[in-house]
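Please follow this account with the sequence and the three-dimensional structure in view. It turns to a pocket and then to a sheet.

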Amino acid sequence: YQKTSMSSGNWLPNIWLPQGIFFDTDGNPDTDAELVAWFGYNPATDNFEWMTGQVDGFQPITDQVIEGWAGELAYSMGVIDDLVNVGLNYIVTIGDVSTFPGSTFTTRITPRVDSTNTPQPGYVDEPTPVFAYTSSTGVISLNPSPEFLIGDPLFVRVGDADMNPDPNVAETLVIQATSQDEQCPPEPVPVDLIEEGEDRGVFVAELPACFSGVAEGTEVIVTYDDGANGSISASSTAKTADTIVESFVTIDQLIVPVTVKGGATRAVKVKVKVSLDAQGLTPCSPLPRVRNPWRCAWPGYRYHAVYPAVPSPAAPD
């Protein structure tokens with residue numbers, strides 16, 4: 001048994017994680033959203049404020065931009081939880097394991113409570129301006145839209161400040177989902193939406209699975225009763241994935257540059273415009289050395305083929 005100590009700074013506790021603003025690029029709240037801003041200390045202005053990331057030089061973001069994002073359903077605010085994993089990594093030299101009993105060993109790390117009474121960072125306070133949907137006029141969205149692949153999940157969002165009376169509670173509201181597909185109930189299905197964080201004013205939920213499995217061409221509709229403002233709705237139509245028809249194509253001329261400096265090898269990607277006759281697919285001889293079969297569909301579609309890596313003659317310096 002051997003004990004050693006390693007000195008470092010304090011670990012970042014979960015309660016001190018900084019806040020970020022995220023943009024939902026695919027409409028699915030279950031997937032990772034894109035971080036577009038974070039709230040922290042900016043030494044350039046000596047203020048705690050919203051900033052861009054390192055790529056954009058930690059530029060301050062104006063209140064007007066933040067308020068504009070808050071008025072759109074695809075944006076949300078929350079802690080940047082990945083930062084809790086950004087800390088020091090330690091390399092511990094164990095030695096010759098074969099000399100240990102049974103050639104095994106156990107490493108135990110015992111964290112110690114901070115005794116320096118480090119004060120709470122200033123960025124932990126509620127960021128300003130408040131990131132909340134402030135309009136009493138509701139809006140609704142259904143994603144993906146205007147079409148979705150059969151089997152893919154559907155997500156509905158509603159923004160309505162009237163449904164956010166308590167800034168300290170993540171509240172709920174109800175929408176109605178309908179479709180004419182026989183596998184879904186004939187009457188509207190109530191769906192509970194949960195607020196995306198306390199005081200956000202935007203609510204989200206996944207529709208029941210029956211709406212994702214409707215037949216091709218079926219329209220799914222979600223409706224929200226906005227009180228005195230009336231009802232609002234959004235919709236999306238089911239579609240199947242594109243069908244690939246395998247065939248050969250005729251190519252009159254194809255020039256593939258393969259010369260690269262230093263005599264290296266590479267794979268060459270070629271883009272080809274498909275041309276079909278009026279009778280449908282036209283059989284022809286395949287191109288030599290094409291790794292994957294050509295894909296033909298309707299005239300004007302473009303597809304890719306990849307040649308195998310070929311040796312390239314050395315180019316002069």
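Strand E4 provides the largest share of the lining of the second largest pocket, namely 4 residues. Strands here are DSSP runs of E with at least two residues, numbered from the N terminus. The model is predicted, so that local features need pLDDT of at least 70 and side-chain atom pairs count only at pLDDT 80 or more, whereas totals for chains, interfaces and linings use all residues. Residues are numbered from 1 along each chain as its sequence is written, and side-chain values use heavy atoms, with hydrogens and water left out.

A pocket is an open set of points on a 1 Å grid over the protein atoms alone, with protein on both sides within 12 Å along at least five of seven lines; its lining residues have an atom within 4 Å of a point. In the second largest pocket, 19 residues form the lining, and Phe22, Asp32, Ala33, Val79 and Asp81 lie nearest the centre. Strand E1 (19-23) and strand E4 (75-79) are the elements that give two or more residues to this lining. By class, the lining residues comprise 9 nonpolar, 4 polar and 6 charged. Nonpolar denotes Ala, Val, Leu, Ile, Met, Phe, Trp, Tyr, Cys and Pro; charged denotes Asp, Glu, Lys and Arg; the others, Gly among them, are polar.

Elsewhere, 8 strands form an open sheet of mixed pairing in the order E5-E7-E10-E9-E8-E11-E12-E6. Its edge strands, E5 (139-143) and E6 (147-149), each pair on one side only; pairing requires at least two DSSP bridges between two strands. Within the sheet, strand E7 (residues 155-159) runs antiparallel to strand E10 (residues 202-206), and 5 bridges join them. Phenylalanine 155 stands opposite glutamate 206 in E10.

Terms used. 1 Å grid on protein atoms, 1.4 Å probe; cavity = no way out; pocket = protein on both sides within 12 Å on 5 of 7 lines; lining within 4 Å.
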